[in-house]
Amino acid sequence: MEKQIYILVVEDELEVMDALVNDLQSFETYFPVETANSSEEAKKVVEQIYYGGNEIGLILCDHVLPGQNGVDFLIELHADVLKHDSKKVLVTGQAGLEDTIHAINSADLDHYIAKPWTKEQLDSVVVKQLTDYVIEEKLNPMRFMAILDAVRLAEYMREHKLSDY
Amino acid sequence: MNLSRKQLVGLVLGLIGLVVPFFLSIEGLSQAGHVALGIFFLAAVFWMLEPFPIYATSVLVIFLQILLLSKEGFIFKEITEVYTPDSYTAFIGTLASPIIILFLGGFVLADAAVKYNLDRNLTRILLSPFGNKPQFIVLGLMIVTALLSAFMSNTATTAMMMTVILPIIARIDVDDPLRIGLALCIPFAANIGGIATPIGTPPNAVVIGALSQQGINIPFGEWMILATPLVVVVLLFAWILLLTMFKPKANSVKVDMSGAFNTSKNAIILYIAFGFTVLFWITESFHGVKSAIIALIPVVFLTLTGVVTKEDIRKLPWEVLWLVAGGISLGISMKSTGLAEWIVGSIEWSSFGAITLILVFSIVAVMMSNFLSNTVTATLLIPLAVSLATSGIAGEGFNLIIVSLVIGVSASMAMMLPISTPPNAIAMSTGTIQTAHMAKAGFTMGIFGVLMVLLYALFYWPLILN
Amino acid sequence: MQNARYDRKQILKFVGAAIEESPELRMLVDSFEPGDVFFRQGEKITHLYLMLEGEVVLKHKREDGTTLELITLSAGHFAGLVAFTTGNHSLTTGIAQKPCRALCIRQDEFDRYMNDHSKLKHPLQRLMLSNMADRFMTNVRLESQMNALNQELEIESNQLKDAFQKLEESQQRMVHQEKMATLGELVAGFAHEVNNPAAALLRSSEMLKENFQDSNDGTAKSMIFEYGLHSEPLGSSEIRERMLYIQKTFPWVKERALVRKLAQMPDLALELVQKNKKKIPIDELIQQFEAGKFIHNIQVASERITNLVKSLKSYSRQDNNDWDMIDIRDGIKDTILILSNRLKYLSLQLDLKEIPKTCAKMGELNQVWTNILVNACDVLQDGGEIKIRTKSEGDYKIVVEIADNGPGIPEEVLPRIFESNFTTKNQGAKFGLGLGLAISNEIIRQHGGFIKCMNRESGGAKFQIILPVKNCV
């Protein structure tokens, strides 16, 4: 069983979560989706995923959450060595400029999606971020070529001296 | 380390295979032959079921031979009548055998070519005369792919060509079979193109390595004279086959590759090194300098000038060299312990004609390498073929070189399944094609390949070799 | 003084005669034309001048470059006296104003002359003394004048300060009112524009639903659609649990996306899926459920938009800023909805008892509620508590109480909390609409009521607003 790469969605409004997860279903065959309604819950989910020997490739996180807000959650996660490289995307209509700058500086925020999002926009961000993740983490690119940016993954393979056996 | 059920079975079977011959007493097989048989079992099972990476098994094979079969090993410290143990250096030496050095040169050249975008720029230039008709675009892509994969690894070539064709595919209608044709033409051409030169793909190295142990040297240029006509015919067939099976609907296709040749000092050095090396390789028969020696030219030249750096060297696919060396090493003791001869001798070969034998070896090679690594297939089959030819059991007309070629070339004709070769796996993983498409076209290619190998082995190769 | 001047004349006469007598002294008398300079400011004085005729004016150049005329010295006065006696640089420049004659005594020879001409010694000393006395008296007079002027200035500047502050306050208030008015206009326009698509959404989803339901033939598919229509979204932990359950009950469903979708179905719908798994592909059933669910989601979302817009409109509507008979509680409810983003994670307890309508400006009162609530939100952590209570006492008085369980207001700050420009927050507070409690105070005063602020025994702050019940005229 190869290591699974998860997409984690953190969003407290259930209808919004439902819509987000629905838009992500085309990725689910390759990247199982997990969800959480608060930062607290998200932390438990993250631990479970890593406990199972799997990892998180991408986190889509709302900013306004009960308890700890999204930016602070991402910063905390970023400080953890294991989750340092997971791609972090803020999906929100409400984070102010300051919060966003804070997130970019301290959590190495990888992208910002403003609500309401479109399917195309979400797809392109998810593809870009997960492709980055696969390349940075040196995962087997062939596993994900069909769903991610195949040209970039092929280019990555070209540069990394794949050999014939 | 988590082993799958298949891997677990492989591990257990391999170990049993290693141990059991120690407790058997097989008539006509020396004591050392029993040990070699155990090692052969282990290697074959490990290479086929892969409880460990195949390059790891190769090193294990070298190590086990040193431990159990060399003069410095535990068992055969003395020379006896039936078995003259080799020095351990014979086994270790395979890691630096001429074919390995030849490959090293090829790796360094290919690595530098990728680094300075030579492969991509050549593609751009070579594709431009093919216009925008889908039929000719496919032909152009196949020719370029075959050409590049003759000097670079098939896999790296496929990956590069994918970056060229994926944008084209994205612009074609979803229901146009041209998409499938495009996605299949690259791995097919890469697999076929690898046959063209000694450094094109590792099975060629196994063939050349095995022959050189028999004292037969095949110059670079001569290999090309033997193999290239076959490559051209099979490539053209593949072109026609793919266009017939997946008839394009689109009337024109646009290839837009932009870029310019890198004109930095390092790039120019590389172009010169590349040109000269290839030229000297092809003309080996004229000047007589061995291709393995020529292979050192780019290694020396490019590292001295800093075109290839320490980081680049670290990233070379060393495991391929180990794999080939392991195969050559296994061949050494199979021969010196009389194991190969015994295996060969246990079958009544003379009842088959040369044609049948060639056909059998070719078909077995294609079938095996559809499921196994091409290199492993060649490694396991060639020692048998070599013994068969040298022992003279198979009778007249069973030429050592030809049968080795048959196996080496047939191993590259396997392209039915995604697991057959890495280029197939890459094409499959883009999600553009389904296994059925690949199996259908790959099966036909296999049949045609076997037929062509037979024809060449009967008529063309003897002509050249004599 | 009269005496002194008379005295000075007498002495001068005597001195003049004495000079005439001595040829040595006569040599010391010099003549000056108007404009001639006796000495310059900042230089060492070389001579002491006793004015015998004419006038010399002493000028002082200040640091800012302007020149001040200090004093005019006539016959009988000494020029250069201060610098001469102190030995410092001259503070002034002496310039002849009329044709002058003056006895010029070199500094180093002054004592010698005094001894040589002993009969001059006494008169000159007298003259010097009277000169000094003169200068001192001038000083005293100036000092007292300056004091008086300073006092006047201070009073004037205080008046100016007051006026400026008032002006600033009223300007702030006007800007604020203007801002609210502009906002009101904008919101009214915006609300209209948003309401149209929201209405279209609501109606379309309703019709879509009816379309689906019209073809309802009682089959499993249409029943599952109905389940979808009445489903509520589940929390993620619940979905996780249900997904595990689905993996057990529908082991043949491998795709995780499908498992997740099944997990959102109620048990009754799952039973239907189980029953029909052979007849109808599972994808189709899930699709039906999703269709119902999405229509439901559209309805819920568009209703939320409509309600928000309605509140926003009445919260900031311009015509609300006229005196009108209103129920204050409507404004409070609108304010709460507008602030729902801030109040989301606080617990809000409403106890809005029946109160009589009164004449008030709804828009302005909403400002008061906003200010107090935003302040409370700023100090409360998630899970904090806000209580809003309304009650009436008799039919003449309305009481609104807004209490929180935050840290309360420091005792030393409490008395100043309604002063204008008082803030404990940094500039640029999060909610840009309020001008703070000063304006709230002013608004309540204009309504004829008053606002009180206190700390509660149990912790936290409480604002009490008391408004009179009155009819509009």
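A:Pro116 occupies the loop between β5 (111–114) and α5 of chain A, where helices (H or I, at least four residues) and strands (E, at least two) are DSSP runs numbered from the N terminus. The peptide bond that leads from A:Lys115 into A:Pro116 is cis, with omega near -5 degrees. The structure is a predicted model, in which local features need pLDDT of at least 70, side-chain atom pairs count only at pLDDT 80 or more, and totals for chains, interfaces and linings use all residues. Residues are numbered from 1 along each chain as its sequence is written, chains are lettered from A and ligands numbered from 1 in the order in which they are written, and side-chain values use heavy atoms, with hydrogens and water left out.

Most peptide bonds are trans, and most residues other than glycine have a negative phi. A:Lys138, which is not a glycine, has a positive phi of about 55 degrees. This lysine is placed in the loop between α5 and α6 of chain A. A:Lys138 is exposed, at a relative accessible area of 64%; buried denotes under 20% relative accessible area, exposed over 50%, and partly exposed the range in between (1.4 Å probe, protein chains only). In chain B, a positive phi of about 60 degrees is found at B:Asn117, again not a glycine. B:Asn117 belongs to the loop between α5 and α6 of chain B and, with 30% relative accessibility, counts as partly exposed.

Helix α6 of chain A (residues 150–159) is largely enclosed by the rest of the structure, because 7 of its 10 residues are buried. The buried positions of α6(A) are A:Ala150, A:Leu153, A:Ala154, A:Glu155, A:Tyr156, A:Met157 and A:Arg158. Their cover includes α5 (119–136) of chain A. From chain B, the cover includes α5 (98–115), α6 (118–127), α8 (154–171) and α21 (422–429). Contact here means heavy atoms within 4.5 Å. Of the 2 pairs of chains in contact, chains A and B share the most contacts. Chains B and C, by comparison, are joined by no contact, and their closest C-alpha atoms lie 17 Å apart.

Chain B contains 22 helices and 0 strands. Its radius of gyration, 23 Å, agrees with the value near 23 Å for a compact globule of 466 residues; the radius is taken over C-alpha atoms, and the globule rule is 2.2 Å times the number of residues to the power 0.38. Along the principal axes, the C-alpha atoms of chain B fill a box of roughly 70 × 55 × 50 Å. Buried residues account for 57% of the 466 residues of chain B. Of the contacts in chain B between residues at least 6 apart in sequence, 77% link residues at least 24 apart. Chain B carries 20 positive and 20 negative charges, whose mean positions are 14 Å apart. Lys and Arg count as positive and Asp and Glu as negative, without His and the chain ends, and each charge is placed at NZ of Lys, CZ of Arg, CG of Asp or CD of Glu. Chain B is divided into domain 1 (1–93) and domain 2 (98–314), with bounds from an automatic or database domain assignment. The centres of these two domains of chain B, taken over C-alpha atoms, are separated by 36 Å.

Chain C comprises 14 helices and 15 strands. The radius of gyration of chain C, 47 Å, is well over the 23 Å given by the globule rule for 473 residues, so chain C is more spread out than a compact globule. The C-alpha trace of chain C spans about 150 × 60 × 45 Å along its principal axes. In chain C, 39% of the 473 residues are buried. The 61 positive and 64 negative charges of chain C have mean positions 3 Å apart. The domain assignment of chain C gives domain 1 (2–116), domain 2 (194–312) and domain 3 (322–468). Between domain 2 and domain 3 of chain C, the centres over C-alpha atoms are 42 Å apart.
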